[in-house]
Each structure stands twice: as C-alpha cells, then as structure tokens.
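Welcome! Please take a look at the sequence and the model below, and then read on for a short tour of a few residues.

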Amino acid sequence: MAEFAIETHELSRRFGETLAVDALTLSVKRGEIFGFLGHNGAGKTTTVNLLTTLILPTSGTASVCGNDVVDDNLAARQCIGYVPENVRLYNDLTVDENLRFFAELSGVRAVPRRIAEVLALLDRPGWHNRRVGSFSKGMRQRVGIAQALLHEPDVLFLDEPSSGLDPEATREVDELIVRLNREFGMTVFMNTHMLDQVTKICTSIGIMNQGRLMVTDSLEGIKSRFAEDRSLEDIYMHFWHNGTADPAPSEQVAR
Amino acid sequence: MSAVWTIARKETRTAVRNSMFVTITVLFLGLSVLSAYIGSTTKHAEMRIYNETVAKLTVQGVTQLPPKPEIHALTMLGNLTEYVAIVGAILSVMLGYDAITRERESGGLQLILTRPVFRDRLITGKLLGNGLVIAMLLGIVFVFNLALLFLVGHAVPTFGEIARVALFIVAAFAYMMVFLITSMLLSINMKSSASVFLVSLVLWMTSAFVLPQMAQTLMANSTVVNSVSGATNQIPQDTAVSRAIDLLSPTWHLRSIGGKLLEVTPGSAALSSAALSTEFLKSLFALLVPCIVLGALMYASFLRSESLTVE
C-alpha cells in the first residue's frame with residue numbers, strides 16, 4: 001500500500017490564458033486530514049476537480065491511492081468519495097432512492113444494509129423515505145456526505161464542507177470528519193476558507209495562491225516557522241500577501 | 001451495463017414523478033378519447049345521412065342508389081397523428097431538455113462522474129430511461145386507442161387494423177426520439193434549461209409548421225376547369241424542391257405515414273400489405289436518420305465536453 005494517499009507532480013491546468021493550477025507538487029499521507037486553503041480563484045477547486053478525475057490536467061501527473069487520475073481513472077474513482085460545495089441531489093427522489101442510485105453506480109453490494117449503516121453513522125436513521133426536495137442546506141449536506149461514504153472510500157474530498165451551514169451543523173460536520181478519519185482511517189482532503197475549522201481538525205495544510213502552492217506541511221510544522229503568538233490567520237495572510245513559497249528569515253513574522 | 005440500467009431507472013422514476021409531465025400525458029390520453037368520440041360520431045352521422053338518403057330515394061322509386069360511403073374504422077383514430085406530432089413532440093422535449101443541464105445545475109453530474117462509470121454509460125442510461133418512458137407512454141396509447149375503437153366506435157379491430165396501429169406506434173416512437181435526442185444534444189451544449197427548452201420548441205415548430213408550409217409554397221399549381229360550372233380549381237403538385245423540403249421535416253414523415261396507416265389518406269385503406277410495408281420502412285428510415293446523426297453528435301459532445309463539470 002502506497003504511503004501517500006494523494007500525490008501530484010508538476011500538475012498544471014490551464015483554462016485559455018488562465019493558469020488555474022501551476023506546477024503543483026503535493027503529497028498527502030494516508031490517514032491525514034488535509035486542509036487546502038486559499039482565496040477564491042486560488043485554484044483549490046480546480047485541484048479537487050483534477051484529483052477527482054472530473055477534468056484532465058494540461059501537464060504533470062497526479063495519483064490517488066496509487067492510481068493515476070488519467071491513465072487509471074476508474075480505479076482512482078473507486079477509492080474516492082466526493083462532496084461538492086453545493087449538494088442538491090435529486091429533489092424528486094427520497095433519501096433512500098438517492099443513496100441507492102449512487103450506491104449502485106459505485107458497485108456497492110448489499111445496498112440496503114450499507115444505506116442503513118451510513119445513515120446510522122450520520123445519526124439520521126429515520127431519513128430513508130424523506131424527499132430530498134424538502135431538506136434544508138444542512139440536511140442536504142449530510143445526505144451529500146452519506147452518498148460519498150457508501151462505497152467506503154479511502155480518500156474523501158470535501159469542497160467547502162461547511163459553507164453556508166449554521167454553527168451547530170458545522171460542528172456536526174467537523175465531528176463526522178474526525179470520526180471518519182479516526183475510526184475508519186479515511187484520508188480527508190478538504191477545501192476550505194474556515195481557518196477555525198482547519199485549526200480544530202486538520203493534521204496538515206497546504207496554502208494556494210494564484211494557482212501555486214505556497215506551503216505545505218503539518219499544522220505544527222508550519223506554525224513552528226513563525227512566532228508562537230501568530231495565529232493560523234496571520235500565517236495564511238502572510239503567504240497570501242508575500243506570495244512566496246516559504247518565508248525567508250528576514251520576512252518571517254517576528255518571533 | 002448495470003450502471004446504464006441504474007441511470008435509466010432513475011430517469012424513469014424522475015419523469016413519472018414530474019407533475020407537468022404527468023399532466024401532459026393525461027392530456028394526451030384525454031385527447032385520444034375526444035378524438036375517438038368525434039371520429040365515431042362523424043362515422044355514425046355519415047352512415048345515418050346515407051341511410052336516410054337511400055330511404056328517400058327508394059320511396060321515390062329510384063333504382064340507381066348512390067354507393068355506400070367507404071368508412072374505415074381506423075379513420076376514427078386519424079387525429080392520433082396530430083396529437084403525436086404536437087403533444088408527443090412537446091413531451092419528448094420535456095423529457096430531454098434538462099437531462100444534462102439539471103444535473104449540472106444540481107451538482108449531480110459531478111457526483112456521477114466521480115463514480116467508476118464511463119461517461120458514455122451516463123448518456124446511454126439517460127437515453128434509455130427517457131426512451132423507456134416514451135415507449136411506455138406509446139404502449140398505453142396503443143392499448144388505449146384499440147380499446148376506444150371497440151368501446152366508442154363499436155368496431156372489433158381486425159388483425160390488419162391492429163398491425164396498422166402498431167406500425168404507427170413504432171413510427172411515433174422514432175418521431176418522438178428525434179425530439180428527445182435533439183433536446184438532449186442541446187442540453188449538453190447549452191447552459192440553461194430554459195434556453196434548451198425554447199430552442200427545442202423552435203426546432204420542433206420549424207419541423208412541424210415552417211418546413212411543410214415552405215414546401216407547400218413551392219409546390220406547382222395546376223389549374224383544372226370544371227366543364228359544367230366553369231369554375232377553376234388549383235391542384236397543388238409536388239416539385240423536386242418542395243419534396244426535398246418536406247423530406248427534411250420529421251413531422252411531415254410522421255403525418256405522411258400516419259395518414260396511410262390510419263386510413264386517413266384517400267386510397268390508403270386499399271394499399272396492399274407489401275406497399276404499406278414499403279411506405280412504412282421508407283418513413284421509418286427517414287425518422288431514424290436524424291436519430292442516428294443527432295445521437296452521434298450527442299455522444300461526441302458529451303464525451304469531449306469538460307465544461308459539463310467545471311462550471
């Protein structure tokens with residue numbers, strides 16, 4: 001089994017004149033909760049789209065669970081679960097029908113049992129026959145996470161998982177992510193703007209700026225480069241404003 | 001193959017839960033009842049007038065009675081062609097216009113494309129699912145109209161009549177698939193469902209009204225003078241151009257074969273099985289060609305389009 005759940009080498013993606021992802025070289029170890037930070041348009045979602053095989057790279061390589069996302073994309077898809085930012089699913093169908101649909105597409109055996117397990121994991125065992133159309137954003141987000149867990153993926157990609165959720169729902173999502181990571185050993189790759197969330201649950205982070213990876217390390221590793229009293233927000237803003245891959249000693253935040 | 005069936009089942013389930021789709025389907029069946037009733041009433045009225053005329057002439061001692069009007073049972077279902085041409089086409093557009101745009105807008109497409117499923121399976125599943133909905137609908141129309149023929153028209157359909165209606169249903173299926181595939185193709189290449197619906201309807205109206213009218217305008221008119229009254233009548237005749245324009249319209253093909261199969265076109269009831277089969281195959285071919293061409297374009301667009309997922 002490969003040491004890294006996700007690996008990219010000089011991965012680039014261009015849309016016309018715009019270089020959305022610029023020579024991204026990144027490794028995420030198995031069992032990590034990786035927080036991928038950056039402003040809007042930094043290239044986070046494009047990176048997730050590349051890693052989840054939704055789009056093809058312009059150059060470079062990427063693999064998930066040791067499977068190349070271009071040459072072996074079906075095997076790569078087999079080991080990933082993906083929750084987009086806005087999960088709306090099929091409003092005319094019930095939770096059970098929505099989950100059955102995605103479970104069958106993923107080749108899950110014993111579908112009813114697995115659906116029951118996943119809903120129990122989300123602490124929503126009574127949702128089977130409820131129409132998704134009547135759900136709030138937070139409820140849809142939970143069903144979105146449920147659909148991503150049906151085939152027991154090794155790596156879970158979450159794009160802004162707490163965007164638009166109330167504090168209680170955000171906390172539930174955070175607890176679920178930690179539980180999936182600790183109990184099931186799932187690697188989590190999470191695009192987020194929420195620095196509190198990153199501080200609370202992530203074990204490692206990467207910061208993107210204009211398509212380039214500024215820094216990647218464990219949370220402690222990054223913090224140790226700066227003064228003790230510097231928050232993650234200070235560090236994030238430092239990389240955003242300086243736009244350098246790593247702070248030179250003279251540029252470091254005063255210790 | 002199981003992924004195709006999974007997607008097809010989902011499409012079918014979604015369609016039958018769409019209240020607008022169900023309403024138009026009910027309207028379609030309701031129009032069939034009305035059409036059969038009007039057809040039956042007309043048939044009985046013609047026979048009643050003939051019988052009254054014969055009775056009067058017999059009383060007057062006339063021995064040379066007018067020939068009995070040729071009333072064919074299937075004529076009663078003649079309006080079915082127009083219902084399929086109009087309501088059927090709209091139903092097909094309704095099934096296909098948001099096939100991809102809705103998935104894209106809801107994010108469902110991204111979820112499907114991150115599953116271990118080839119892209120072509122997705123589009124095949126959608127085509128199969130919506131095709132099954134059309135097939136089911138036409139199956140109901142078939143049984144429903146034969147039942148009406150018996151119940152309203154008081155005519156037990158013969159094997160030949162059942163075969164004619166069945167062939168019409170096959171042609172109707174091919175016709176509806178043309179508009180399903182057209183709207184699905186547009187749904188892949190356009191961003192908003194509303195735009196796809198609008199453009200699909202414009203294309204259908206072009207096929208149903210504009211092209212046939214253009215063809216009619218370009219027909220050559222020969223003038224016939226009535227030797228008794230001296231009145232002149234213009235009889236339109238096909239020209240190479242008008243014929244070519246007609247051939248471009250799927251609706252024209254449906255009307256043409258529908259008229260012959262449902263015995264509305266004069267002389268069509270007397271057509272031999274071989275002649276009718278040839279006509280049917282010609283029309284079916286003409287309807288399948290756009291299905292195949294547009295279908296190939298649809299697959300090609302879908303397989304190479306990345307914009308489906310990144311927008």
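This is a predicted model: local features need pLDDT of at least 70, side-chain atom pairs count only at pLDDT 80 or more; totals for chains, interfaces and linings use all residues.

## Terms and ground rules

A residue counts as buried when its relative accessible area is under 20%, as exposed when that area is over 50%, and as partly exposed in between, using a 1.4 Å probe and protein chains only.

Residues are numbered from 1 along each chain as its sequence is written, chains are lettered from A and ligands numbered from 1 in the order in which they are written, and side-chain values use heavy atoms, with hydrogens and water left out.

## The disulfide

How many disulfides are there over all chains? The count is 1, where a disulfide is a pair of cysteine sulfur atoms within 2.5 Å. In general, a disulfide is a covalent bond between the sulfur atoms of two cysteines.

Here the partners are Cys65(A) and Cys79(A), with 2.4 Å from S to S. Their link is right-handed, with 105° about the S-S bond. Cys65(A) sits in the loop between strand E4 (59-64) and strand E5 (67-68) of chain A, and Cys79(A) in the loop between helix H2 (73-78) and strand E6 (80-83), so the bond ties together parts that are 14 residues apart in sequence. Helices (H or I, at least four residues) and strands (E, at least two) are DSSP runs, numbered from the N terminus.

## The cysteines and their surroundings

Are the two partners buried or exposed? Cys65(A) is buried at 14% relative accessibility, and Cys79(A) is buried at 8%. Cys202(A), in contrast, is in no disulfide: the nearest cysteine sulfur belongs to Cys65(A), 18 Å away. Cys202(A) is buried too, with a relative accessible area of 7%. Over in chain B, Cys291(B) is buried at 11%.

## Two residues with positive phi

Cys65(A) has another feature to notice: its phi is near 55°, a positive value in a residue other than glycine. Thr53(A) also has a positive phi, near 70°. Look for Thr53(A) in the loop between helix H1 (44-51) and E4 of chain A.

## A stop at Ser106(A)

Where is Ser106(A)? It lies in the loop between helix H3 (95-105) and helix H4 (111-121) of chain A, and it is buried, with a relative accessible area of 4%.

Leaving aside residues up to four places away in sequence, Ser106(A) touches Gln78(A), His151(A), Arg115(B) and Pro116(B). Contact here means heavy atoms within 4.5 Å.
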